[in-house]
Every structure is written in structure tokens, then in C-alpha cells.
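Trainee: Could you take me through this model? I'd like to hear how you know each thing you tell me.

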Amino acid sequence: MRTRHLVMAAALLLTAAGVRAQEPSGGDPNEQKDVPKTAVSTGIPDIPLVNQIDFGLRTTTFGSDSDQARFQRYRDMRDGGTIDLMKFSKDTSEYRFRFEANHIGYRDQSFSAAYNNYGNVKATFDWNQVPLFYSQDTQTLYSSTSPGVLVLPDSLQTGLQNKTTSLVNAVTTGSVFDLQAKRNNAAFNLIYNATQSVDFSVFFRNSDRTGAQPYAISYGISGAVASEFAAPLDQRTTEFGASMQWSNDRGLAKLGYDGSFFRNNLPSLSVDNPLRVSDSPTAGPAFGRLAGAPNNNVNTGSALAAINLPAHSRATGYLSISNITNNTPLLPFTSNTALVSPTLDRTNADLTARVTSMNYNFTSRPTNYLWFNARYRQHEYDNRSNPFHVGNGVNYDTSIVALNENAELLGFTKRTFDADASVTPFKFVAFRAGYTREGMDFANPSNGEVGRMIDSSVEDTGRVSADLTGVGWLTLRGVYEHSKRVGSGFDLQTLLDLGEQPGLRQFDIADRDKDSFRGIIFVQPVSQFSVNASAGIGKEDYPGTTFGLRNNDNHVYSVGADFEPIDKVSMGVNYGYEKYTALQASRTSNPLPANTLAYLADPTQTFNDPRRDWTDNSGDTVHTLDASIDLIKLIPKTEVKTSYSLSNGESTYVYAVQPNQTLVVAPTQLAPITNKLQRGTVDARYFLTQHVAIGVVYWYDKYDVADFALGPQPSLALPATASPALMTMGNYYRPYSANTFWGRFTYLW
Amino acid sequence: MSRRNDGSPARWLVTAFALVCTMAIGVAAASGHAATGQPNGAAARANAASTTSSTGAQTTGYVGDDTCANCHQSQSEGMHKSLHGKSQDSRTPAAKNGQTCESCHGPGQAHVDSGEKSKIKVFAALSPRDVNATCLTCHSKGAHAEWQGSMHDARNVSCTSCHSVHSFKSEKAQLKTVSATQTCETCHKQEAMKVKKSGHMPLREGKMECTSCHSPHGSTNVRMLKTGNSLNEACTSCHAEKRGPFLWEHSAGRENCASCHDPHGSNNDRMLVAKAPMLCQRCHISSRHPATIYDGVQLTSASNRLVGRGCVNCHSQIHGTNSPAGNFFLR
């Protein structure tokens with residue numbers, strides 16, 4: 001806030017200074033005023049002056065009940081003075097220095113500087129703040145007594161525990177607060193050209209994440225309340241890397257090190273249970289405790305080498321080995337002191353993964369007509385941790401359960417082979433055919449443990465493409481792909497152990513047939529006018545899937561045109577249509593009794609009753625429109641830029657049951673979800689002199705949304721009855737309409 | 001889960017083989033002779049060096065920059081404003097002692113003598129791969145080291161599809177459009193439309209660009225991702241809190257973040273590819289609540305598995321957790 005006031009004061013002072021700058025100077029009468037650096041008679045340079053400062057005043061008015069937080073989302077649009085842009089550049093024959101700052105003093109400010117001493121050193125520094133504004137009127141009953149500890153008043157918990165207080169009434173007394181988070185990103189890069197063929201580079205990056213994000217915790221399945229709360233964030237990721245690269249006409253070799261270190265200053269989050277003031281061995285804990293995101297370290301060494309070979313060929317090899325560790329102290333199984341927390345297998349996580357990646361590529365263009373490429377890529381994630389055994393576990397801090405299992409050590413190996421060949425029968429046309437085999441092995445490399453319901457899968461993909469590029473008036477691209485994925489080593493018992501249907505397949509690894517086409521065309525019959533159109537059609541079928549995602553289709557089309565009748569006028573319009581559909585299936589039933597395999601053929605089990613099957617057909621339709629008109633000095637000394645953008649989406653979820661179903665009377669369909677995001681802008685600037693411009697900006701933003709689950713609810717305690725099962729913060733999807741006015745003053749030199 | 005004990009020796013062998021191959025390529029590149037059939041720029045530079053006298057005068061087919069500028073003034077000015085025109089850097093065309101233009105366009109004497117365009121290398125008349133071969137003569141390392149064989153290379157994209165040497169609009173990278181994102185949107189219409197949805201990365205707000213995640217010149221990662229060696233490594237380079245390894249992990253998340261999220265944008269909360277709980281029900285239909293029809297009846301009763309964040313109201317640690325009691329991602 002203080003910074004913003006300073007910015008406002010600075011903006012006002014600069015405005016005054018800018019006005020003074022237009023007054024006649026008492027200096028050298030021979031000094032030419034308003035002479036452009038380029039010889040343009042209008043006094044306005046055709047080549048923009050590179051240095052500038054842009055400042056002014058901005059205000060936004062909102063329609064009633066507008067969600068101001070969502071309007072701002074990743075921006076800081078508060079009213080006040082602005083220094084929206086400051087840019088300085090110096091270019092000599094020896095070096096170039098560039099500095100740029102945006103939105104100074106606001107939460108979304110950024111600064112960047114770059115220095116290039118030609119042939120010697122290149123260095124850049126960036127500071128970029130990215131806010132994330134969730135809600136300006138979130139409400140909560142929680143307060144924080146220390147970092148990571150969120151408590152409710154004991155009196156409230158007592159009242160709720162004893163049922164003398166109603167949660168529906170209590171939530172209305174919550175304090176209102178802004179829910180927002182922010183990332184501060186700093187990055188420094190340096191490249192030193194040691195010799196003609198040797199470069200050294202280093203980078204350092206740091207990213208802080210602070211504020212809070214919506215999160216939730218639950219205390220049981222029935223009779224308990226899942227509670228949404230503002231989870232505090234205090235995280236930092238620091239990265240450092242160095243590399244040495246040697247290269248010349250023959251090829252290159254590069255050695256590098258990269259380190260990434262994540263630190264979370266909140267190792268756990270303790271959140272009070274609204275319904276309990278004291279721990280109970282049967283009714284749950286007074287508070288629950290979530291593990292915070294664990295600290296982790298990644299150290300990576302990599303080598304890259306490439307050699308140029310005869311016949312315009314090049315072979316490239318790359319190997320990278322990473323070690324990822326997480327040795328955060330483990331929390332006890334439960335925060336419930338009324339339960340005897342089971343003994344931990346070890347006190348720290350002591351988790352380690354080794355990631356080995358390699359990539360070999362050979363490209364050749366022996367003649368002007370032929371190009372081919374072969375690539376082998378392997379990525380292995382090997383979880384090398386010692387097994388963590390859980391004899392007795394705890395559910396919801398409410399009950400001790402016998403698990404007698406190890407935490408799964410998930411690992412996998414992905415191997416991909418690509419081969420592509422392209423012929424160029426005509427200079428600008430290339431026809432390509434390609435093949436890819438992608439194999440996934442779901443066994444953790446070091447211990448062979450398979451964490452999925454299949455051991456492995458192989459996907460074969462064939463593709464053809466045609467590309468006409470490089471012709472000024474026509475670009476035409478099209479690619480068709482067909483792929484087939486087949487899994488092996490299906491483990492039925494794994495599914496049954498989880499209580500899943502034998503016919504379930506998880507779509508990310510299930511057998512799949514996939515077809516897709518993408519095409520785009522640009523036609524520019526004359527230099528002033530061009531049209532473009534694109535189409536994307538895709539279809540995925542999961543042939544072995546009875547339950548889960550069975551298929552999905554997508555259709556995406558766009559058309560657009562650009563028109564520039566004269567060099568002072570340009571306009572463009574683009575319309576896009578997207579349609580995605582997906583069909584998924586399930587069965588509502590009771591679980592099989594123990595020894596499940598034996599009951600799979602038992603018709604008396606609801607688990608085996610096909611009349612309890614249902615499907616959900618989901619669809620997403622989105623219309624996108626972008627249009628712009630720019631008038632650059634059509635009116636003397638005046639620039640006017642206008643634009644309009646629309647994204648209008650509707651999502652539907654339609655349930656269907658079997659004709660002879662015994663499940664429900666009939667599904668009550670959910671209302672469609674709609675999202676309509678609009679923005680219109682007008683940006684006008686008048687150049688008083690070559691150096692001074694004044695401008696006005698107007699933004700119209702409108703968001704219409706209707707979401708049955710994330711839209712406003714009748715109460716923060718849901719259902720709003722005597723026994724709510726969810727306490728929210730009111731972080732809803734709500735509409736907004738906003739009119740932003742901006743007076744700007746620009747000084748260029 | 002099943003257990004399979006194999007592969008460990010094979011893995012070491014493969015890794016060792018990979019290391020040997022990588023080193024062999026590097027050693028060969030370092031010690032070998034210049035290969036024949038190199039892109040012509042290397043040869044051009046060598047020729048240029050051999051045919052340039054100490055005063056910069058040309059002797060065999062080269063005319064020098066001043067001659068070029070007589071007819072091509074705007075192109076000459078544009079080039080000299082760019083990094084190509086900085087002679088202080090010995091790697092630039094401008095450092096070629098008066099042969100800035102001819103470093104790329106080849107010797108110009110025949111063109112000057114005849115006035116014919118066909119007597120000099122005109123990039124607009126070259127096939128995309130011929131254009132690229134010229135640029136790659138110098139731009140073959142750093143971010144460009146993986147161009148050959150990249151998706152853009154495979155699709156006949158030329159350097160001049162995106163970049164302009166003489167007339168560029170961007171402040172960085174000499175692009176034909178003002179920003180990198182605008183350049184990408186020219187062809188990647190589908191992704192451009194997704195970015196405009198209500199759930200999106202902060203590209204519209206100018207806090208990111210396509211190049212924040214992607215390397216358009218190729219990379220060792222999939223999908224031309226800039227960082228890491230897998231899609232997840234690219235995502236977790238910023239979202240490091242989801243990197244793990246965790247005591248309890250969500251297998252779909254361990255393998256591919258894009259199974260649930262669409263990084264280019266969606267109209268669903270947290271850029272999910274479908275709304276929860278429907279998304280979760282695409283893989284989890286086990287008895288009781290994962291297999292419930294979450295229809296209007298459930299909405300009326302405000303089921304905490306449908307309203308708000310759906311399944312994540314309880315399974316909030318879905319990306320993985322270090323809690324020993326986190327086997328269902330509740331803690």
C-alpha cells in the first residue's frame with residue numbers, strides 16, 4: 001500500500017514534469033525541438049524511440065456483486081498512480097544494455113536488465129512478481145496462532161461437539177479476508193564466451209511463494225465435516241546451474257550441472273476439527289494434521305554431444321542423471337491423542353529417486369529431396385527408497401486400521417523410438433511419414449514393484465504429414481496420426497483388492513486407439529490481405545474398457561483474416577470453435593465380500609449387477625473470438641488500437657442409466673456450466689511532440705459464469721442443515737464486469 | 001501390487017552404453033576433421049577468410065557491404081541494428097571484415113555484374129531446409145543444438161518462418177511479431193484458444209510466454225519442453241512442491257501431470273481436463289462413493305463430493321504426501 005502511494009506521488013510528479021517538458025525551453029535557440037531521430041516530416045518517428053517512461057492514473061469501476069479478485073487474478077489492478085512501463089536501452093558498438101520495468105509498485109511488478117558485451121559476456125537479470133488473487137471476500141472461522149496452525153474458538157468447538165451450536169449459524173460470523181498468494185521470481189543468467197568455441201554459462205534462480213491457497217481437510221466419512229481453509233504458503237525453490245560448452249563446425253560437447261532445492265517452511269498444517277474440542281478414540285480428533293509439501297533436492301549432471309557428419313548429417317547424444325531426495329522428518333500417524341499412534345517404520349522420509357534420461361538422435365539430409373531422422377529416448381524414474389512398512393495405519397485420525405503393507409515405491413521406464421522420413425519433391429513442399437514406438441514399463445527399476453494394474457504398455461504410432469511452407473502467399477500444413485496402445489501383464493487381483501470392477505481400465509494406461517488430424521492453411525493473395533483456417537479432429541477409443549473413460553472426441557476449427565489496406569491501418573479477426581466430448585461408465589454397487597475372486601460370478605452380488613451401470617457423457621463447447629483494429633497515425637500524431645476478445649464455453653455432464661436399472665428413479669441432470677470471458681480495449685495515444693505523448697486507455701472486462709459446484713451456495717456450511725458435511729470459505733466462481741480507465745503520459749527519448 | 005525382479009544389470013549396461021556413446025560423439029566431434037558436406041556457411045566463412053586481404057578488399061567474387069548497401073539500404077540498416085551487425089563479436093557476420101551481407105547471401109559479384117536475383121542466395125527463394133542450413137552454420141549450439149530432428153525441423157519450419165534478419169518487430173530474438181507468444185499463435189491456434197479460457201496460465205497477463213515452458217528450437221525433453229527430461233520435470237521445475245518423491249504417491253501424477261491437467265488452459269478449476277468428481281471417476285469407480293452418480297439429487301443434498309472441489313475436499317493431498325497416514329491422500 002505504501003509503495004503504491006509512493007508510485008502515485010511519483011506519477012503525479014512525473015506528469016507535472018512531462019507537462020513542463022512541452023513548454024518552450026529557455027535554452028539554446030538553435031537547438032532543434034521535436035526533431036525526430038529519423039527524417040520524418042510529421043515529427044513522429046517511424047522507428048520508435050527506444051527509451052520511454054509511461055505513467056499515469058488508473059481507476060476501475062465494477063458492476064454490482066462483481067468478483068474483483070477474479071478480475072485481477074494474476075494482476076494487480078488497484079486504483080492509483082501507475083508507472084506502467086519504464087524502458088531504457090543503450091547500444092554501442094561494444095555493448096548493449098537494456099532495462100525494463102513494468103507495473104512498478106504493484107504486486108505484479110517486474111524488472112529485467114540485460115547486458116551484452118558483444119563477443120564476451122551476456123548477462124540477464126529478471127525479477128517477476130506473479131500474484132494469484134483467489135477471492136476478496138473469503139470467510140473463515142479459523143485463525144492462526146502460529147505458522148501452520150489454524151484454530152477455531154474452543155467455545156465454538158464445544159458448542160458444535162455438544163450440539164448446542166449450529167455450524168450453519170456459526171459460519172456467518174467468520175472473518176472476511178483476501179485470499180491470495182504471490183510468487184516472487186528472480187533469475188540471473190550469465191554466458192561467458194571464453195574463446196571462439198568455448199562458452200561457460202551459469203544461472204541462478206529463486207522463487208518464493210507466499211500467501212495462502214484454498215485447501216481442505218476431512219475428519220471422517222460420515223458425521224464429520226470436511227473443512228476448507230486458507231493454507232498458508234511459505235515456500236522457496238532455489239536453482240543453480242553451470243555448464244561448459246565447446247563447439248565448432250564439427251560439432252559440440254557440453255557438460256552441465258543443475259541443482260534445484262525446494263524448501264517449505266511449514267512442514268505441517270494443523271487444522272481444528274469443527275465438531276470436536278477434545279480428542280476421541282471413536283468420534284475423531286480435536287484437530288487434524290496434514291503433511292506439508294516436503295523439502296526436496298535435485299542434483300543433475302548431464303552431458304550433450306553432437307557431431308556433424310557427411311551428407312548434412314548430425315548425430316546427437318545426451319545423457320542426464322538426477323538424484324532426487326526427500327528426507328523430511330515424518331509426522332506421527334495421528335494427531336489424535338486418544339489413539340495410540342502406531343510406531344513409525346522410520347523417523348524421516350529417507351526417500352531417494354534416481355532419474356536417468358538419454359536421448360540419441362541422428363538426422364540426415366543426404367540430398368535436397370530427402371530428410372530423415374531417428375531418435376531413441378529413454379527416461380527412467382527409479383525410486384530407490386527403502387520400503388516403508390505400515391503395520392497399523394490410521395484413517396482420518398479416527399480409527400486404527402490394520403494395513404500391513406508397504407508404501408508403494410512407484411517407478412517406471414519410458415522408451416521411445418521415433419523414425420521420420422521426409423521427401424521434398426518440390427522446393428517448398430515436404431511430405432513426411434513417421435513411426436513411433438513408445439514403451440512404458442511400470443516396474444520400479446530397482447525393486448521390480450509394479451504400481452499399476454498392468455506391467456507394461458506399448459504404443460505404436462504412424463503418421464503422415466504434408467507441409468507447404470516458404471511460399472509468400474500460401475502456407476499449408478496437415479498431419480494425420482494413428483496410434484494403438486496395448487498393455488500387457490494385466491493384474492486382476494490388484495483391481496479387486498482396491499474394490500474396483502474387473503472391467504475398469506485407467507485411461508492413462510488403458511488400451512487405446514487414437515486418430516487425429518490437424519491442418520492449417522494461410523492464404524495471402526495480396527500483401528494487404530490474408531486469410532487462415534485451421535482444423536483439428538481427434539478421436540480416442542479405449543477398446544478394452546468397460547468402466548472408466550471409454551472414448552473421447554475433439555473437434556477444433558478456426559478461421560481468421562488480416563487486412564492492412566494501408567500501412568497506417570491494420571485489422572484482424574479470428575474465430576474458433578472447440579467441441580470436446582467424452583463418455584465414461586461406472587457401476588454403483590456394494591463391494592464384494594472377502595475372497596473376492598470367488599464372488600465374481602455370484603449374481604446376487606450388486607457388484608455383478610449390470611443393471612446398476614451408468615454412463616456420463618460430458619461435452620465442452622467453446623467459441624473464441626478475437627478482433628482488433630489498429631490505426632497508427634491515420635490521424636496525424638495519433639495511435640489508436642482497439643481489440644475485443646471472447647471465450648464462451650459451456651460444459652455439460654449428462655448421466656444415463658440402463659433401461660432396466662434398479663439404481664435410481666432417473667438421474668436428475670445437472671445444469672450446464674457456462675464460462676464467458678470478454679474483454680474490449682481501446683488504447684489511444686496522441687504525440688504532442690516527438691518525445692511526449694498523452695493517452696487514454698479503456699478496458700471493458702466481463703466474466704459470466706454459472707457453475708453448479710463452484711458457484712455461490714446458500715451457506716458456507718453445506719448442506720445448510722443440522723448436519724453439514726462441508727464448511728467452505730466462499731471461494732466461489734462469480735461473475736464480474738469492470739470498466740477500467742487509464743490516463744497515461746509517455747515520455748520517449 | 002505385483003513385483004518383478006529384473007532389469008537391474010541391464011539398466012547399468014544401458015546407462016554405461018549411453019555414457020560411452022555420448023562421450024564417443026563428443027570426442028569425435030572434438031578431434032575429428034571438418035566433415036564434408038557441411039552447411040555452406042562454414043565453407044563460406046572459410047572461403048571468406050581466405051579471400052579477404054588484410055585491408056578487407058575482396059578478391060574472388062565478394063563485393064563487400066558498401067556495394068550491397070547501395071541498392072539494399074533498408075536491409076543493410078536493419079541488419080546493422082541487430083546483433084548480426086556487431087563486429088565486436090567475432091562470431092557475427094559483421095566480424096567478417098566487410099562481408100556481413102555475403103556471410104549469409106554468398107559472394108555477390110555475379111549478382112552485381114548481372115543484376116540478376118538468381119546470381120545470389122535469396123532466402124525467399126530457398127527451401128525451408130536450405131534456409132535453416134545457412135542459419136545453422138553459426139546457430140548450432142546453446143538453445144539451437146537440438147534443432148535438427150526437432151518437431152519444427154520435421155515439419156519443414158524455417159528459421160525465417162518466425163525470425164527476420166532485416167525487419168523484425170520484437171525486442172528479443174528478432175521475431176516477426178512483437179512477442180514470442182504471438183509468433184507461436186500463428187500456427188498453434190488450438191493452444192492459443194485454450195489460453196483464453198477462464199482457467200489459464202498467466203500468459204494473457206504477460207507474466208509468462210510460450211517460451212517460458214517450450215523451446216521452439218528443439219530440446220532433449222518431449223513436446224519441445226525447455227526444462228527437464230519429462231513433462232513432469234518441466235511442470236515441477238516451477239511447481240516443486242509436487243515433485244516428491246513422496247511416501248505415498250498418486251501413480252497417474254507421478255507419470256504424467258497432463259493426465260489430469262491441461263497446461264494450456266481449460267474452463268475447469270485448476271485447469272483440470274474435466275470437472276471433479278467426474279474426472280476422478282474416469283479411473284476410480286470402486287464400490288461406494290467413487291461409483292456414485294453425482295447428479296442433481298446429490299447437488300440438492302450438497303454432497304461434499306460434488307460441491308466445491310469435489311473429491312479434493314477430502315483427498316486434498318492428491319499429488320502425494322509424506323504423512324504416514326496418507327495412503328488415501330487425506331493427510
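**Hairpin, sheet and chains**

Trainee: What makes strand 6 and strand 7 of chain A a hairpin?

Mentor: Two residues lie between strand 6 and strand 7 of chain A, and in that turn Gly148(A) has a positive phi of about 85°. Before we go on, keep in mind that this is a predicted model: local features need pLDDT of at least 70, side-chain atom pairs count only at pLDDT 80 or more, and totals for chains, interfaces and linings use all residues. Residues are numbered from 1 along each chain as its sequence is written, while chains are lettered from A and ligands numbered from 1 in the order in which they are written.

Trainee: How do you know that strand 6 and strand 7 of chain A pair?

Mentor: Count the bridges. Pairing needs at least two DSSP bridges between the strands, and residues 143–146 (strand 6) and residues 149–151 (strand 7) of chain A share three, in the antiparallel sense. So these two strands of chain A pair. For one of the partners, look at Ser143(A), which bridges to Val151(A) in strand 7.

Trainee: Which strands of chain A are edge strands of the open sheet, and what makes them so?

Mentor: The sheet has four strands in the order 6-7-12-13 of chain A, with mixed pairing. Strand 6 and strand 13 (287–291) of chain A are its edges, since each pairs on one side only. From one strand to the next the twist averages 25°, going by axes that are lines fitted to C-alpha atoms (for helices over the stretch in contact), with angles from 0 to 180 degrees between N-to-C directions.

Trainee: How many bridges join strand 12 to strand 13 of chain A?

Mentor: Five, with strand 12 (residues 268–272) running antiparallel to strand 13. Within that pair, Val271(A) stands opposite Gly288(A).

Trainee: Why is Arg377(A) called buried?

Mentor: Buried takes 20 or more other C-beta atoms within 10 Å of a residue's own; 12 or fewer is exposed, and partly exposed is in between, with C-beta atoms placed from the backbone. Arg377(A) has 21 such neighbours, so it counts as buried. You'll find Arg377(A) in strand 17 (residues 370–383) of chain A. Leaving out residues up to four places away in sequence, Arg377(A) touches Asn359(A) and Thr416(A); a contact needs C-beta atoms, placed from the backbone, within 7 Å.

Trainee: Is Ala302(B) buried or exposed, and what is its phi like?

Mentor: Ala302(B) has 21 other C-beta atoms within 10 Å, so buried it is. Its phi is positive, about 55°, although Ala302(B) is not a glycine. That's worth a look because most residues other than glycine have a negative phi. Ala302(B) sits in the segment after helix 15 of chain B.

Trainee: Where are the cis peptide bonds you flagged, and what are their omega values?

Mentor: One runs from Leu718(A) to Pro719(A), with omega near -10°. Another joins Gly244(B) and Pro245(B), with omega about 0°. Pro245(B) is in the loop between helix 13 (231–236) and helix 14 of chain B.

Trainee: How many residues of chain B are in contact with chain A?

Mentor: 119 residues of chain B, against 168 residues of chain A. Helix 1 of chain B gives the largest share of the chain B side, twelve residues. By class, that side has 44 nonpolar, 48 polar and 27 charged residues. Ala, Val, Leu, Ile, Met, Phe, Trp, Tyr, Cys and Pro count as nonpolar, Asp, Glu, Lys and Arg as charged, and the others, Gly among them, as polar.

Technical notes: Two residues are in contact if their C-beta atoms, placed from the backbone, lie within 7 Å.
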